[in-house]
Amino acid sequence: MTDVTSSKSARRPHHWRHDLIELAALFTAVVVADTIAKTVVKGHDGPYLLVFSAIALVATAAFHTWWARRHSHASHAPPTGDTGGLPTTDLPAAAGSERSESGDESAAPAETTLWRMRTTVADTPGSLAALCTVLARLGVDILTLQTHPLGDGTVDEFLLRAPAGLSAQALARETAAAGGRDTWTERADAHDLVDTPTRVLGLATRTALDAAELPLALRQLLGRCTLHSVPAVSLTGRPTGEQAPVEGVLEETVMRLRDPHGGTLIIERPYLPFTPTEFARARALVELDARLGPRVPRSRDVLTLPEGNEITVRRADQRDLAAARAMHDRCSARTLGLRYHGPVGDADRYLDHLLSPRFGRTLAVQTASGRLVALGHLLWDGDETEVALLVEDDWQRRGIGSELLGRLVAMAEETGCDSVYAVTQSSNTGMVAAMRALNLPLDYQIEEGTLVITARLASASRPAARTQQEQPREGTRPAER
């Protein structure tokens, strides 16, 4: 609309011409008035000339008023056949006509749906314009657009606001008719309205503050994907054979990046191939993590137990390995068995894995003297999340386990997890009671004495699409993940 107004203003005559004409008319009127005044005073026909002048003045004023109104209407009317390069529906007159024809000026806006769409078009002039024309014909509004150049074309990623009645199948069909191929669509929500540079900077900031944020940042950067961290050496000391090159490897739906802590980060997205741009962004986040080194937030919460003892809850990482092993030595065989579901002698080997920020987050509880008495783990298990607790025997039944579990579940909700699960034994009444105390919907699976309790989180109500059904989990030891 602004362009149309500017173009009309450019076609108007220069205002200085009107000013000059009015000034000349005023000067002439003064001269004529002076002449008439002298004639009236000195001549015998003075009264007749005065009446004639009044009539002429009234006629001139009337003609000027009529001419000014006609010129004003002509300058503000929309020119026929010329819309300044814009469709006539973009003009106010056209919008008013549409409202008049509908018969309801207060009609509510049509219901719309947000979609994310990705399609590949030929890298030729006009290919994107043809696609945009089809979307406009469907009444689809393009909110954001990203382009990912490829060797044989360009991948265009859109965030669209479409009429609610337009289905994903119809959108993909019309896109294909406009030259798009390998089209993928998914429902979006308000979180997708954040522009890509802002989102990437936010993920980089979170990664810089907390090493455990890297897996989550990669998931949010790349959409629904599965991330596995494979160490270079297994828990038994044998090489795993997984060591990606420094520059990483991109294989369509699989991305392999060198883990700064050793091993390889494997990212899989079977439903949609990765683009070189996405690969470069993911590699930049991993390089940032490598440069910053080990780091966890330094926040500490001091709590008072019912009996009056004070404890401190804080984040832990591999620098707490010695203190965690000392706690293992003080735990009974039964406590270790309930936690690790296997030979007690293998428990120490799990700790380095569990304390690594690459596999999740760990909360530690220490006494006023600084002794570690409990650990709580939030573990990224592919695209799912596990919670696990270990409380030293002398500190059990004091509410420490429930406190840790509540904090771990809150962390999971903050990261957008739909659910968390705990693998334990059916005889572990303490863990079962702690899960029930969450006041969340729980699912139970029992197989050969192993109990899996899944809690559905409040974040599960967010609109999300999944490409694979969840499979029943088996109770496994941390060493097997």
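What follows is a chat about salt bridges in this model.

Guide: Quick note first: this is a predicted model, where local features need pLDDT of at least 70, side-chain atom pairs count only at pLDDT 80 or more, and totals for chains, interfaces and linings use all residues. Residues are numbered from 1 along each chain as its sequence is written, and side-chain values use heavy atoms, with hydrogens and water left out.

Visitor: OK, how many salt bridges are there?

Guide: The count is 23, taking a salt bridge as a side-chain nitrogen of Lys or Arg within 4 Å of a carboxyl oxygen of Asp or Glu.

Visitor: What does Arg116 pair with?

Guide: Glu157, with the closest N and O atoms 3.1 Å apart. That pair links distant parts of the chain, 41 residues apart: Arg116 sits in strand 1 (residues 112-121) and Glu157 in strand 3 (residues 154-163). Strands here are DSSP runs of E, at least two residues, and helices are runs of H or I, at least four, numbered from the N terminus.

Visitor: Are Arg116 and Glu157 buried or exposed?

Guide: Both are buried, meaning under 20% relative accessible area, where exposed is over 50% and partly exposed is in between (1.4 Å probe, protein chains only).

Visitor: Switching topic, how far apart are the closest N and O atoms of Asp317 and Arg319?

Guide: They're 2.7 Å apart in that salt bridge. Asp317 is buried at 7% relative accessible area, whereas Arg319 is exposed at 58%.

Visitor: And which residues do shared partners join into one network?

Guide: Arg116, Arg118, Glu157, Glu186, Arg224, Arg269 and Glu278.
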